[in-house]
Amino acid sequence: MERTQKSTKRLNAAKELSRVVGEYYLECVQAKEEGKPVGWMPPMNGAIEIFYAMDLQPVFPENWSPVCAAFGLTPANFEVSESMGYSRDLCGYLRNIIGYVHGPMNQNDLPLAALPEPDLILSPNGGCIPVMKIFHALERRFHEAKTIRLDLPQVAVENIAPHHIQYAVSEVKRLIGFLEKETRRTMDYDRLQEVVSLSDRACALWDEIMTYRSYIPTPFSAAEMGIMFVMVTRQGTQVAVDFLESVLKEVKQRAAEGTGVIEKEQVRLFWDNIPLWYNMGIFNYFEKHNGVVVAETYSAAWSLRLDTNHPLEALALKSLKSYPLVSCVSINQRKDMVFKACRDYAIDGVILHRNKSCVPITLGQMDIKKELDKELGIPSVIIDADHMDERNFSPAQFQTRADAFLEMLREKKAIN
Ligand code: SF4
């Protein structure tokens with residue numbers, strides 16, 4: 001197996017996705033050229049809906065990192081950030097984006113036209129430390145951009161209390177006030193409600209698409225995870241709804257016809273942690289052994305429904321829940337989520353990606369591993385890698401562990 005490899009996709013939606021991705025990045029560049037304010041922000045919070053409601057352009061540096069990985073641009077970006085003194089032990093998103101903005105950003109030959117410089121920066125006081133540090137570095141790099149530091153309590157999902165929601169709502173209102181002042185645009189609250197409805201519709205479609213993965217054989221695998229691009233960058237728009245409707249139609253049809261990812265699906269797998277963005281082909285590797293990755297932790301972050309009658313509260317709750325749900329902030333909730341997926345999707349084995357450059361999502365995996373074995377009798381394997389840095393991934397070591405694990409799962413199934 002190669003260290004970097006693209007995945008083989010089965011859904012026709014993959015072609016459509018390339019168009020959606022291209023159009024989004026083109027729109028970002030055009031927005032800048034046309035004088036529409038461009039804001040850089042972390043993903044997985046309620047700011048995206050506010051931006052679309054106010055006709056502002058949201059840009060997500062973290063999302064740009066997987067794009068860089070897919071196009072083989074990360075080594076150049078890492079070289080720049082490491083020459084600035086950033087350690088190889090730090091988050092790959094951080095090293096990539098800092099290297100990018102201090103290096104290749106202004107080259108003309110980048111794919112997808114590169115990112116436009118920010119007029120606004122939404123700097124989070126919440127989420128993990130690396131994400132905060134990314135934005136502190138961006139504030140220094142783009143010091144002319146208007147910046148707001150947004151506070152967010154870090155509470156496990158099960159411990160969110162009314163006062164946390166009230167505080168998060170006050171922060172949503174502070175963000176709207178900041179944007180109104182800096183962009184001289186006024187929030188239209190009817191429009192915000194429409195955007196939140198579109199956002200909620202996208203979540204409902206997302207959930208429905210995921211339920212079809214419980215079919216045996218599953219109609220699509222983790223190799224198609226790129227479809228989450230619309231949840232990161234287009235939530236709250238008709239583009240996301242239209243795209244997800246077309247995915248749902250295709251997935252539904254494949255499920256009804258019994259068209260699986262592979263001819264002989266023997267082993268159903270769950271993937272924990274972020275995928276290897278430079279090697280999505282890793283998901284196809286299991287197929288050679290009649291295994292398919294039918295569910296993963298990362299996709300759960302997008303299955304939050306929004307109360308469209310209370311848009312501000314809905315966005316506050318979304319901001320409070322999204323990150324804890326997939327990280328170590330809410331280990332119990334994450335464990336429940338993995339267990340539920342194991343039952344709903346008839347999982348035979350769990351792959352725990354021990355991600356060198358993402359401690360917040362890796363923490364807690366050993367507890368989950370023990371509990372999986374004890375409570376559900378489901379075996380798991382640890383794969384050492386990195387979601388961004390291919391230097392921390394050994395294909396040979398991966399193959400040895402994956403082959404042994406799949407063989408054991410097949411034998412276990414045959415005995416049962
Ligand atoms: S959650 Fe992990 S991958 Fe995301 S910014 Fe934080 S350390 Fe990096």
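Which residues does Lys335 touch, not counting residues up to four places away in sequence? I looked this up and found Ile368 and Glu371. I took contact as C-beta atoms, placed from the backbone, within 7 Å.

**Ground rules.** I am working on a predicted model, where local features need pLDDT of at least 70, side-chain atom pairs count only at pLDDT 80 or more, and totals for chains, interfaces and linings use all residues. Residues are numbered from 1 along each chain as its sequence is written.

**Lys335.** I placed Lys335 in helix 13 (residues 331-344). Helices here are DSSP runs of H or I with at least four residues, strands are E runs of at least two, and both are numbered from the N terminus. I counted 16 other C-beta atoms within 10 Å of Lys335, so this residue is partly exposed. The cut-offs: buried is 20 or more other C-beta atoms within 10 Å, exposed is 12 or fewer, partly exposed is in between, with C-beta atoms placed from the backbone. I also checked Lys335 against Pro43: they are 292 residues apart in sequence and 23 Å apart in space, C-alpha to C-alpha.

**Helix 6.** I read helix 6 as residues 129-141, 13 residues in length. Its first and last C-alpha atoms are 18 Å apart, close to the 18 Å expected at 1.5 Å a residue. That expected span is 1.5 Å times one less than the number of residues. Val131, Ile134, Phe135 and Leu138 are buried. Seen down the axis, these buried residues fall within an arc of 90°, so they line one face of helix 6. The arc is taken over directions from the helix axis to the C-beta atoms. On the other side, I found Ile129 and Arg140 exposed. The buried residues pack against strand 1 (38-40), helix 3 (61-70), helix 5 (92-102) and strand 3 (120-125).

**Ligand shell.** I listed Cys91, Tyr93, Cys128, Pro130, Val131, Ser327, Cys358, Pro360 and Ile361 around the ligand. Helix 6 and helix 14 (359-362) each supply at least two shell residues.

**Helix 4.** Which residues of helix 4 (residues 74-83) are buried? I found Thr74, Asn77, Phe78 and Ser81. They fall within an arc of 100° seen down the axis, so they line one face of helix 4. They pack against helix 3 and helix 5. Gly85 follows helix 4, with a positive phi near 105°.

Terms used: Contact = placed C-beta atoms within 7 Å. Near = placed C-beta within 6 Å.
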